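Have the model open as you read.

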Amino acid sequence: MKNDVFTFLIGGKAGEGVKKAGSVAAHIFSSKGRHVFQMDDYMSLIRGGHNFSVVSTSQRWISSHYMKANLIVNFDKRSCETHINDVDEGGIVIFNSDEQEDVEGIGVPLSSIAKKYPLKSLMYGVGAVAVLASVIDFKKEEMNQIIKAEYPRGIEDNISFASEIYDIVNPKCGSKFPLERGDYKRPIITGNEAISLGAVASGLDTYYGYPMTPASSILHFLAKQAENFGLAVVHAESEIAVINMAIGSVFTGAKSMVGTSGGGFALMTEGFSLAGMTETPLLVILSQRPGPATGVPTYTEQADLSFALSAGHGDFLRIVASPGTIEEAYYLTAEMLDLVWKFQTPGILLTEKHLSESSITVDIEIEKAKWAEPKMHQGENYKRYLDTEDGISPMLFPPSKEVIKWNSYEHDEFGITTENANIIEKMHDKRNKKIKVIQDYLKNLNTVNVYGNGEPIIFSYGSTTMSVLEALKYGNIEATVVQPIYLNPIPVWNLESYREKENIVVEMSSTGQFASLLKEKVGISPKAELRQYNGRPFDPIDISNKIKEVL
Amino acid sequence: MENLKTSAEITWCPGCGNFGIFTAIRNAIPKLENKGIKRDSIIITAGIGCHAKIFDYLNLSGFYGLHGRNTSNSEGIKIANPDLKIINFSGDANGLAEGLAHTMFAAKRNQDITFILHNNSVYALTTGQFSPLAEKGWKGPSTPKGSYEEPFNSMTLMIEAGATFVARGFSGDIEHLTNLIVQGVEHEGFSFIEVLQPAVPYHKWAEYRERVEYLENEPETYFKAIKAAKEKHKFTVGVFYRTLRPIYHKELYGEHNPITKRLSKETRLEKIRKILESK
């Protein structure tokens, strides 16, 4: 365990306030000017089961949680059993002595103390905060202030409960990990919040969704913010309706976005192809979870890459990009919304549960978000599908004196259905011009992130990048991390120089979809591939050891 | 009314019931203009099937969607810019087979759009299979022994789903149909107009002309409407149901308009800054 990171883990049943306690801990750390990474592991159920929240903090930028914790608070026996190997050397384990006795650690009769108060279930979370407060050398007054702010229901009881817990643990582990201050307080946001805010910053007008983990929290966040930002946010009857509604909105000039996971995107593929044919600028957020089929709803994977690259029948340009960090998710969502409008074609922001639902302290320069603006038609004689030099037809939106026709059939420049051989060919060529033009355009954008220097070269994309960067810091490994932001068109011009190097590919797909893409499109043959596909995000210690093994 | 036609070649069969609908809609547009509805703000959508060819022939702006999905396109258009008036064309398979869920939900939401269902009771363009409104026993290439399914009752179905204007017209009575379309577009809420429309390779005009009857009185209540829709045979034309209830986009955001009242970049950034400060 690196001594510059402190990790706090809370385990318990769903409904006991595990995630909330993690969030409160994260805000305690951020309020001290420290960096934070919070990962919540939860099951697909509402009450019971086993959930845990793990919060790692450091004075430097930290891009992953650690599964070796300095402080673990287990609300029940199952948590103790699950996290028996997750305690770091010299770490502290708090267990519920009402449920078990002969385990290592500090027993606290959580259940019997909590029984004295109403709102029993939420009390456990407050108890975890009290333990943390004691361990990191907070005085009771400081702790009470936090509880007042974070648990507004039943403040008196919560404070009294916390005080009892604090008094029990303080003589045994009080002030064991006093945390030094960091430089300044940063906001803590989730990946889905970064995506939502990036979209709003670049001009989002309408958002459509159908609940599906791990994309649902975009729908929830934007629904809550709809009035504030003047958006229309709609939960429709299916993903099929979602994408077709969004396309309808785009017809009026509305910047529109939809969000889903693999199964929902499968339903959207018909509409995705429609967006290709009608040249509809539409941004799809595809947040991956383990598949196939229903898979493992609340966990993480990167096995929809091939699907994203090929979804939808027929030939058409799609833009696919994936953010490596939560900060990048903000800028990249805005950039993608701008790009789909520039090139009038659908795009996919590909991400994962690990980025969507993890929280991190961020430094975002919000005004750096791009503002999506289409090329507009001026004057008369409007043709929706005017064949131009770059294949991009100027846009016009109703109400207008000009007739504006968008068509799912092959069509002429005016938008009228055609079966004419020459026109069919010409319209394919028109749309395909954009494939060339966008490559030239992307050459002026940052399409690949490169971190560090020297060999080996470690290829990753999406949230795996965050895990790899933290692993290199932990293991003190010298390497270059290469993260293609754009996956289609893939920036070969920025990647081909790595062909002859010593390459390692790290990803979360059991068949190695990312490695296959690099091999097929860039000609990169990796010396080693590290794949994880158990639904859990990479742990930096684990991946660091594995990288060392293959070197 | 000629300038409502594009130069596209018309490929409906000679004598097709779709011509009656085409004429009625072109009659209805100037009447709507006289009532203050601007032609520029009228948007048409169509799905896929013989009905949908009307999209190419009408010189109006719009979106030619996928089979069964154009109702969702219509909803998205209305939600993004409620100033637009949407006329949503559909066949009975487009709207009640592939797109049934979307039709039902648009009615459930009382979306302020006008849904015109071209009912030819057959999949005409794909060579005569039975459709959601085809009589039981219809012999088509997919049901050589005759279909086993009873047709939907489109009137009760849509009243139950939540449509607030539910009517049936006949493409052989253009004046009556024109009048229904004008009323449907003027109505604030989800207007569903089924149009009896022979597809001539499969049905004869005479079958329709003999059987069409006019509803004597417009039912005054929900229960009377359901009763009339249940009791009258499916060639009964007229307005079955008319009521008012809140429309979707006003429930969603009141008098707002996401397009015309879009917030500036600066305002958005200021609000984002505030959100981040609270995080």
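## Ground rules

This is a predicted model, with local features needing pLDDT of at least 70 and side-chain atom pairs counting only at pLDDT 80 or more, while totals for chains, interfaces and linings use all residues. Residues are numbered from 1 along each chain as its sequence is written, and chains are lettered from A and ligands numbered from 1 in the order in which they are written.

## Where the chains meet

On chain B, 47 residues are in contact with 47 residues of chain A (C-beta atoms, placed from the backbone, within 7 Å). β2, α3, α5, α10 and α11 of chain B each give at least two residues to that side; helices (H or I, at least four residues) and strands (E, at least two) are DSSP runs numbered from the N terminus. Chain B's side splits into 21 nonpolar, 13 polar and 13 charged residues (nonpolar: Ala, Val, Leu, Ile, Met, Phe, Trp, Tyr, Cys and Pro; charged: Asp, Glu, Lys and Arg; polar: the others, Gly among them).

Within it, Asn407(A) sits opposite Tyr64(B).

## Two helices of chain A

Take α1(A) to begin with: 12 of its 14 residues are buried (20 or more other C-beta atoms within 10 Å of a residue's own, all placed from the backbone). Among them are Lys19(A), His27(A) and Phe29(A). After α1(A) comes Gly33(A), with a positive phi near 80°.

In α14(A), the buried residues are Met427(A), Lys430(A), Arg431(A), Lys434(A), Ile438(A) and Leu442(A). They pack against α12 and β19 of chain A.

Notes: Contact = placed C-beta atoms within 7 Å. Pairing = 2+ DSSP bridges.
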